[in-house]
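Let's take a friendly walk through this model, one region after another. Keep the structure open beside you as you read.

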Amino acid sequence: MPTEKAFYDKPGARELDACVLRIEARDEGKVALALDSTIFYPDGGGQPCDTGTIAGLPVRSVIERGGEVLHLLDSGVAELGAAGIMPGATVRCVVDLARRTDHAEQHTAQHLLSSILLRTMGATTLSFHLGERYSSIDIDVPPFDRDDAYAVEDEVLRVIGDDYRVITHLCPPGDASRFPLRKEPSVEEGVLRVVEIDGIEYSACCGTHVASTRAIGSFRITRVEKYKAGCRVQYVAGGRAFGDYRRLAAIVRDTAATAGVPEDDLPGSVAAYRDRIKLAERALETARDAVASSSAAALDASSPAGAIVFADAADFDSASRLGRALAKRGRVVVVACRADLKAVICAPAPVAPGASPVDEVFGPLVARHGGKGGGGKAFFQAAFTDESSLDLFVAAARFA
Ligand SMILES: [Zn+2]
């Protein structure tokens, strides 16, 4: 049986007494309630459902099925009795009005945004999503730049400031042609619901809205990015917009404090940091190669000619550099790195005719000592699960 949707008639109502018509068992021992009337908006049209309580029990989500609104509780059958919930009982429904208001602000702002994008850019809105932090619409035009976004924001803010009324028309589906609707309506029920923003925007819509545009308060486009063949416009409206501004302002303030520069100097300062890091990384690379080359020269001189060279390194990166530097000097080398439980085996590349590729020689030896390895003919690396396995591998490698 269809549920009376009191959230349309009493959008500001926080409480409603309703009659329990049916209790339905759901997954994980939870239940859902069907009532004769509800102030809970169900999931739909890109707008998430309301939450709140019924007879003091939390409402986890609300869905609509063939005109019937189902309230999914976080409770099982056992808890219903104590709360006085049974078919025929009257229960007090309390909706989270802050969440409802926030959703109405985001949703009404979406009507304005879609209508202004259509008017100024010829963009059709393809879908709408109301998210936890930001909301977004997908439109059928390419991404636009920051100045265009500012112009759209200014126009949305002008309409908000001029306080246009938001009017709902309920009429038979055949009356759709009476309104200059932005989009062809899909009427699932016997009633067409047209939401008008006083003469400037008409949409068939089932969501909840503010009473007039000034209630939205604020609006900002937060991102425009390519999406499929068009773009995605992300925005924030209402009380959220100020909360988002505060969050971003704190990030800027804290980052400037960490960088030790005035907030206005942050972009230049971050770019300068990035350039200095790149230079420092390049210098570090050169220094590490120089250390590896110098160690390789000393090891080459002190190791018997023709024999495998054994060495230790503090970390895997140093082990790889030392191994490659020795291979360049024509040596086959095993470098153990105990801190990382790894070993690197290198040989001159390309492998000389008659010489054995290191993966063929050392691969089976690594596996025999519980290690895992990979690589090629002139470079092989192995990882072990403990230090004694690594030591046993190195000892066995002396006889390879
Ligand atoms: Zn709407």
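Helices (H or I, at least four residues) and strands (E, at least two) are DSSP runs, numbered from the N terminus. Residues are numbered from 1 along each chain as its sequence is written. The model is predicted: local features need pLDDT of at least 70 and side-chain atom pairs count only at pLDDT 80 or more, while totals for chains, interfaces and linings use all residues.

Just after helix 3, G122 takes a positive phi of about 70°. Further along, strand 14 (residues 219-227) and strand 15 (residues 230-237) form a hairpin with 2 residues between them, and K228 in the turn has a positive phi of about 50°.

Now for an open sheet of 5 strands, in the order 16-17-18-20-19, with mixed pairing. Two strands pair if DSSP finds at least two bridges between them. At the edges are strand 16 and strand 19 (372-375), each pairing on one side only. In strand 20, A382 stands opposite A343.

| Strand pair | Sense | Bridges |
|---|---|---|
| Strand 14 and strand 15 | antiparallel | 8 bridges |
| Strand 18 and strand 20 | antiparallel | 5 bridges |

Two helices lie across parts of the sheet. Helix 9 lies across strand 16, strand 17 and strand 18, at about 165° to strand 17. Contact here is C-beta atoms, placed from the backbone, within 7 Å; axes are lines fitted to C-alpha atoms, for helices over the stretch in contact, with angles from 0 to 180 degrees between N-to-C directions.
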